[in-house]
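These are my notebook entries on a first reading of the structure shown below.

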Amino acid sequence: MIAYVNGILENLEEGNAVIDVNGIGYNVNISGSTMDRMPGIGEMVKLYTYTNVKEDAFTLFGFLSRDELNLFKLLITVNGIGPKGGLAILSVMTPDDLRFAILAGDSKSLSKAPGIGKKTAERITLELRDKLKLSEDELLGGTSASAADIGSMDGDNSARDEAVAALVALGYNSSDAMKAVRKVLASSKEAGEDTEILLKLALKEMF
């Protein structure tokens with residue numbers, strides 16, 4: 001209903017910001033990470049919002065980027081994840097970390113969010129893995145790749161999977177392992193033909 005609020009930051013406290021838009025103060029629920037990145041009191045701020053309407057409440061949830069808002073909307077499609085749960089997850093994970101955790105099935109990282117138990121975290125990875133449509137730019141933090149390159153990476157992923165599994169066995173976080181392997185594959189398609197080479201290059205990316 002309300003796409004965004006753009007005005008002066010009137011007040012800021014944990015979990016809530018008051019934005020003065022032409023003399024009207026809007027209470028907006030925000031995550032901990034959003035709070036840490038807000039400007040000072042009296043400065044202009046724009047928050048992209050999600051409107052949660054119930055019989056007895058009309059609540060706004062705000063984010064500094066459309067990316068965070070879209071991930072929030074995706075999270076609350078999962079059974080058992082309400083707006084507060086979505087905010088809790090985005091308080092402890094950046095959008096990129098959240099994407100990689102979901103793709104890697106890293107429920108342990110997701111369960112670090114307050115109120116998110118092991119079963120709920122596993123449900124998030126299960127239900128959202130196929131829904132996440134990531135471009136290579138998003139996956140590699142701005143490193144571009146052609147559609148053909150991406151297709152070749154997805155076509156035969158046995159070496160990739162083996163390398164990720166090996167990194168996890170060595171004690172690395174599965175999200176970080178997947179990120180490192182994908183980065184190597186984006187810069188060298190040939191590495192995907194040999195698991196050992198791919199693993200060695202990915203290990204270099206971990207440091």
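Entry 1. Which side chain meets that of R37 in a salt bridge? I found that R37 pairs with E68, at 2.7 Å from N to O. I count as a salt bridge a side-chain nitrogen of Lys or Arg within 4 Å of a carboxyl oxygen of Asp or Glu. The model is a predicted one, in which local features need pLDDT of at least 70 and side-chain atom pairs count only at pLDDT 80 or more, while totals for chains, interfaces and linings use all residues. Residues are numbered from 1 along each chain as its sequence is written, and side-chain values use heavy atoms, with hydrogens and water left out.

Entry 2. I then located the two partners. R37 lies in the loop between α1 (32-36) and β4 (44-54), and E68 lies in helix α2, 31 residues apart, so that the pair links distant parts of the chain. Helices (H or I, at least four residues) and strands (E, at least two) are DSSP runs, numbered from the N terminus. E68 is buried, because its relative accessibility is 3%, whereas R37, at 44%, is partly exposed. Buried means under 20% relative accessible area, exposed over 50%, and partly exposed in between (1.4 Å probe, protein chains only).

Entry 3. I recorded 7 salt bridges in the structure. One of them joins D96 and R99, with the closest N and O atoms 3.2 Å apart. These two residues of helix α4 are about one helical turn apart, because 3 residues separate them. D96 is partly exposed at 32% relative accessibility, and R99 is buried at 6%.

Entry 4. In helix α11 (residues 195-205) I found E196 and K200, 4 residues apart, about one turn of the helix. Their side chains meet in a salt bridge of 3.5 Å, N to O, and both residues are exposed. Elsewhere, salt bridges with shared partners join D67, D96 and R99 into one network.

Entry 5. How do helices α2 and α4 pack? I noted an angle of about 35° between α2 (residues 66-75) and α4 (residues 95-104), with the axes 10 Å apart. Axes are lines fitted to C-alpha atoms, for helices over the stretch in contact, and angles run from 0 to 180 degrees between N-to-C directions. In the contact (heavy atoms within 4.5 Å), D67, E68, L71 and L75 of α2 meet P95, L98 and R99 of α4.
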